[in-house]
Each structure stands twice: as structure tokens, then as C-alpha cells.
Amino acid sequence: DPIIETLSALNSLWEYQLSLTTFTLSFFVNHAYSHWRLTYFCTRAIQGRINDLCMLVTLGAARSSRYGEVDGTTGYQTKNANGESIDGSEKDAKKLVQDVTRMLRMSHTLFWAATPTLSDGLADVHHKDGGMIGEHEMPKNFDATQFGPMLLSREGLDMLVRYGQLTPREKEGLVASGLPPSQYPYVLLEWAGLRTIDGIEKGELRGGPGMEENLLRQLSMLRGEYFNIGDYGAGRMPMAYVQVMEVLVDTLCVLAPLALYTKMGTFNIVSTGLLTLFFKGLLELSKSFLDPFGREGYTAHNIRVDVLVSELNFGASSRWVQAGDALPSDTIDTSDLVQPLESHEAIAEFKEGDSADGVDTANTYVFSIDEDINIPEPEVAINGSDDCISGGFNDSLLS
């Protein structure tokens, strides 16, 4: 039959194309995932460098002589209630920490505002029952895709001043710099660096040349990570490569019913559907990897910018500052705390008034031994005293 012979010849051609498409599509998926992975870890590296800077500044901030003597004291070397420096100089380590961490947070926020994304929690709107979730809370005519430029505008900067994220003079300085709004993140980054160098010169930051070198290195690495986001987006994939893959996959799927008929008969209906599902699915997956911020409509694997900003704001404003402020004192006498027993042979029934190794165990523990399991079971909870309750410190020690 001439038709069968023609379809048989088409099958031979289709098998060659199948091998070529499978080979090139595999590399295409791998390259697309590599781009997504590089972009993702770059966003995490930006967070990491800012966290490093905040931790270093908090570690190096000058502390008062009483720091560590009382739990919960900030210990920063700062001005007294009259606004005068405690040692006659102009040191204010607490303000240094606040300024640097705030500038770094705002640099990060404005960087993502200046970077075109549609995965910021506003532009990537979700729809349900024909309407946008939470649309009653949105202003009329609100264009979520313009939220970043709005934040970088003068009105947006005024809003940041009202919320205490920028000072009025910082807002004026950004505008007076003459740079486009997309460069504001780098202005704030340089201001943070200048503030740390000024703090070192004033003695607000301790650590010497090693601290200064580490801070400058982290600032330079952060600048590089900022630039990498744009570079990865610009060089992600030549357009011709994407178009070739589209043509290869489409022609493979279109010719599949005819090419497979001579070998599979009517079963080629099912086989064509499966081939189309797999090959088109891998192609769409690759396109999704190449669009990590959803700018081209692919939302399956978006990197959430709102989550990145939220995580960084917590780390920069709370984690390191509060950890440094909560340094426990070394004046708590822990010699009266019961030490854990080393073996079950040493377990005995402690009664009220008994003692072991000079440790008063009155009203502390009563153990009973399970003969089968040999696990001590406390029958009386830790009794509260002036120094500890339920195994933790009471409020008086943290005040």
C-alpha cells in the first residue's frame, strides 16, 4: 500500500527527530534548572551577606563596662539621659547599630522594588470564583505591577519616612543624589558602609583592622550579588535556543500520530497523548525555570520576593540585635542545681532532707525505679525557688 509505505518512511524520519529532540531537550531542561538554581542561591546569598554585616556590626558595637553583669541589658556605649556621652566623646554604638541595620534593610527592600518581578505578593494576584482574593482591601485602579516604582517614587519615599524606615534627611539625600530611583539601593548600601567606617574611627565599633577589612569585604560581596541578579536575567538563555526547542517539540508531537500508525495502529492515539504530555511538559517546565520571578507568566516555580524581604527584615532588625542584648550574666550561682546522674546504678530514692555529694536535695526530686525498663520516673516536679522554676529562669533574672 503506497500510504503505508509513505507512513513507514515518515516513521524512519520521526525516529531520527525523536533522538535529536530527546537529547537537546534534556540539556535544555538541565540548563534552565541551573539558571533557576543560580538565581535562587543568589537571592539567598544577598540575605546571607546582609545578615553577616548585621551580625558583625552588632558584635563589634562598643559595650559598656557593665555589659554581661545583668541579664537583659543592652550594654551599648551610648549617651546618658541628658544627651551627653557617657565618656565625654561622641560615641553612640546603639544608634550605629540601628542606623546600619536599617539602611541595609531598606537597601534590600528597594533593590527588589527596582527589580522587575511579579512574585512579590501583590502583582502575582490569585483568582477565586472569578475575583481576586482580598480585592476589597485594594485601592481602586491599583496596579500591583507598579508597586515597586511607586515605592521608589517621592511619594513612596515620603511613606517610608512616615513609617520610620528612612529619616527626612536620608530621603532628601536620595533625591539630591541625582541618580535614578533604581540606584537608591546602592546609595543606601554605600551609606551603610560609610557609617560603619565612621563608627570605627569614633570608637563605636571595636575589632581593629580585621573588623574593618571583613566589613568592607562583605559590602563588596553584597554589591556583587546585587549585580548578579540582573546578569543572570540578561544572560539566562539565547532566544534562538528556545525557539529551536519549541519547533523540535511541536513537530515531534504533530508527526507522532502519522509516524507511529504503521507500528501501533489505533493504539498510537494513546501513545501520542503520552508523548505530547511528556515532551511538552518538559518544555513548559524548562520555561518555568527560566522565569524565576514570573515576569513572563510562569508562576509554578517563582522565587517569592515578599518572603525574601520578610525573612531579611526579621534577621536584620531582630535576630542579631536581640541576641546581643540578651547576653546572660556570669554571676548566677549554679552550684546548687542537681547534676544529672551518670548511670542507673547510682539512682536512689531521694527523700526530703537527704543529700548527695554535698548537694541539698530537699523538695527537689523523688525517683522511683522501674524494674523492667530501668528508667527513672520523676514523681515530684521541680519545686520553684528564688532562682529557678520548672527548669528555667524566673522573671526577676530577666528584668
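This is a predicted model: local features need pLDDT of at least 70, side-chain atom pairs count only at pLDDT 80 or more; totals for chains, interfaces and linings use all residues.
Let's begin with helix H5, which covers residues 168-176, and helix H6, which covers residues 184-202. Their axes come within 10 Å and cross at roughly 125°.

From H5 come Glu170, Gly173, Leu174 and Val175, and they meet Tyr184, Val187, Leu188 and Trp191 in H6. Sorted by class, the contact of H5 with H6 has six nonpolar residues, one polar and one charged. Glu170 of H5 takes part in this contact, and glutamate counts as charged. Gly173, also in the contact, belongs to a residue type that counts as polar.

Now follow H6 to its other partner in this tour, helix H7. The axes of H6 and H7 come within 11 Å and cross at roughly 180°. That makes H6 roughly antiparallel to H7. On the H6 side, the contact uses Tyr186, Leu189, Gly193, Thr196, Ile197 and Ile200. On the H7 side, these meet Glu212, Leu215, Leu216, Leu219, Leu222, Arg223, Tyr226 and Phe227. The residues of this contact divide into 10 nonpolar, two polar and two charged.

H7, which spans residues 208-234, also packs with helix H1, residues 2-60. The axes of H1 and H7 come within 9 Å and cross at roughly 160°. Because that angle is over 145 degrees, it counts as roughly antiparallel, so H1 is roughly antiparallel to H7. The crossing of H1 and H7 is left-handed. By class, their contact has 16 nonpolar, eight polar and three charged residues.

Rolling a probe the size of a water molecule over the atoms shows where empty space is left. How many cavities of 30 Å³ or more does a search of the whole structure find? The search finds one. The largest cavity has a volume of about 40 Å³.

Which residues line the largest cavity? They are His35, Thr39, Ile229, Tyr232, Gly233, Pro292, Phe293 and Arg295. By class, this lining has four nonpolar residues, three polar and one charged. H1 and H7 each supply at least two residues of the lining, and H7 gives the most, with three.

Note on methods:
Residues are numbered from 1 along each chain as its sequence is written. Side-chain values use heavy atoms; hydrogens and water are left out. Axes are lines fitted to C-alpha atoms, for helices over the stretch in contact, and angles run from 0 to 180 degrees between N-to-C directions. Helices (H or I, at least four residues) and strands (E, at least two) are DSSP runs, numbered from the N terminus. Contact means heavy atoms within 4.5 Å. On a 1 Å grid over the protein atoms alone, a cavity is a set of points where a 1.4 Å probe fits but cannot get out, and a pocket is an open set with protein on both sides within 12 Å along at least five of seven lines; lining residues have an atom within 4 Å of a point. Grid points are joined across faces, edges and corners, and a volume is the space filled by probe spheres set on the points. Angles under 35 degrees count as roughly parallel, over 145 as roughly antiparallel, 65 to 115 as roughly perpendicular and the rest as oblique. A crossing is left-handed if the near helix is turned anticlockwise from the far one by less than a right angle, and right-handed if clockwise.
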